[in-house]
Amino acid sequence: MKKDLSRLAPWLAGVLTLAILAVVGVLPKCGIARPAPPFEGEVVAGEGIGDRVSLSRLEGRVVVLDFWASWCPPCRESIPLLNRVASRYPEGVQFYGINVEAISPEQVQTHHTTFAAAFPSLHDPDQSLQRAYGVNLLPTLVIIDASGHIRHTETGVPDEEGIHEVIDALLAESSSTGRMSNVDPES
């Protein structure tokens, strides 16, 4: 019996470690395919300040949401990485930052500029969007497919190549099913 336990201990430790990492949100979660909670908000920083954005108007596009805060050091690392990713997808993919701090929109603009984000940011000062998406750690990246389903979430500084792979797969899936849209999200 003791010999059996000693053989099982490494396996049990590995399974327990993976379970803890998944719960804490360190491991990326792919293929979840649950409907994304609807949202509507105003762009408070970046291109399109004052524009209203809603998930329903973004149907037909892959949507990338980056939940961030100014006090978050990993957020400072992830935004330049996401800028590079966003530059590779000028059409069919829409990137938005979601600032989750209870600060003024002007402060969000200042931090957005300091972080040099190349994509617009919305503001979630009451954390309602953060709660709806189950965001517990920052930064958290959420990728929504063209039909409005969450297909990937990742906490911490994302893996750039992994994000490209997810987006490329979703774009290929969208074009093969005819769900891709070039509709302006503001129209």
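Which residues touch the most other members of the largest nonpolar core? That was my opening question for this predicted model.

**Entry 1: the core**

I looked up the largest nonpolar core and found 47 residues in it. F39, L65, F67, Y133, I143, I144 and I167 are the ones that touch the most other members. I then listed the elements that give two or more residues to this core: the strands β2 (40–45), β4 (62–68), β5 (93–99) and β7, and the helices α2 (73–87) and α5 (160–177). A general note to myself: in soluble globular proteins, nonpolar side chains tend to be buried together.

**Entry 2: around Y133**

I picked Y133 from that group and asked what it is in contact with, leaving aside neighbours within four places in sequence. My list reads R34, A36, P37, F39, L55, L65, F67, V142, I144 and I150. Some of these names are already in my first entry: F39, L65, F67 and I144 are among the residues that touch the most other core members. Y133 has a relative accessibility of 5%, so I put it down as buried.

**Entry 3: aromatic pairs**

How many aromatic pairs does the structure hold? I noted 3. One of them joins F67 and Y133, with ring centres 5.9 Å apart and planes at 45°, so I call this pair tilted. F67 belongs to strand β4 and Y133 to the loop between α4 and β7, so the pair ties together parts that are 66 residues apart in sequence. F67 is buried too, at 0% relative accessibility.

Another aromatic pair is W68 with F115, also tilted, at 5.3 Å centre to centre and 45° between the planes. W68 sits in strand β4 and F115 in the loop between α3 and β6, so here the parts tied together are 47 residues apart in sequence. I checked burial for this pair as well, and both W68 and F115 are buried.

**Entry 4: the disulfide**

Next I went to the cysteines. My count is 1 disulfide, and it joins C72 to C75 with an S to S distance of 2.4 Å. Is it right-handed or left-handed? The torsion about the S-S bond is about 80°, so I wrote down right-handed. Both ends are out of the way of solvent by my accessibility check: C72 is buried at 2% relative accessible area, and C75 is buried at 0%.

**Entry 5: salt bridges**

I counted 6 salt bridges. The side chains of E40 and R52 meet in one of them, at 3.5 Å from N to O. E40 lies in strand β2 and R52 in strand β3 (residues 52–54), so this pair ties together parts that are 12 residues apart in sequence. I have E40 as exposed, with a relative accessible area of 52%, and R52 as partly exposed, with 36%. E42 joins in as well: E40, E42 and R52 are linked in a network of salt bridges.

R151 is in strand β8 (residues 149–155) and E173 in helix α5, so the second pair ties together parts that are 22 residues apart in sequence. D145 is buried at 6% relative accessibility, whereas E173 is partly exposed at 32%.

**Entry 6: backbone in the loops**

Last, I went through the loops. Which peptide bond is cis? The one from L138 to P139 is, with omega near -10°, and P139 is found in the loop between α4 and β7. L137 lies in that loop as well, between α4 (128–132) and β7 (140–144), and is partly exposed at 35% relative accessibility. L137 and F67 are 70 residues apart in sequence, but their C-alpha atoms are 8.8 Å apart in space.

I also noted two residues with a positive phi. A116 is not a glycine, yet its phi is about 60°. A116 is placed in the loop between α3 (105–114) and β6 (121–123), and is partly exposed at 49% relative accessibility. Q127 has phi near 60°, also positive in a residue other than glycine. Q127 belongs to the loop between β6 and α4 and is partly exposed at 25%.

How values were computed:
Residues numbered from 1 in each chain as written. Heavy atoms only, no water. Disulfide = S-S within 2.5 Å. Buried < 20%, exposed > 50% of the residue type's maximum accessible area, 1.4 Å probe, protein only. Helix = DSSP H or I, 4+ residues; strand = E, 2+ residues; numbered from the N terminus. Core = buried A, V, L, I, M, F, W, Y, C linked by side-chain atoms within 4.5 Å. Contact = heavy atoms within 4.5 Å. Salt bridge = Lys/Arg side-chain N within 4 Å of Asp/Glu carboxyl O. Phe/Tyr/Trp six-rings, centres within 6.5 Å; stacked < 30°, edge-to-face > 60°.
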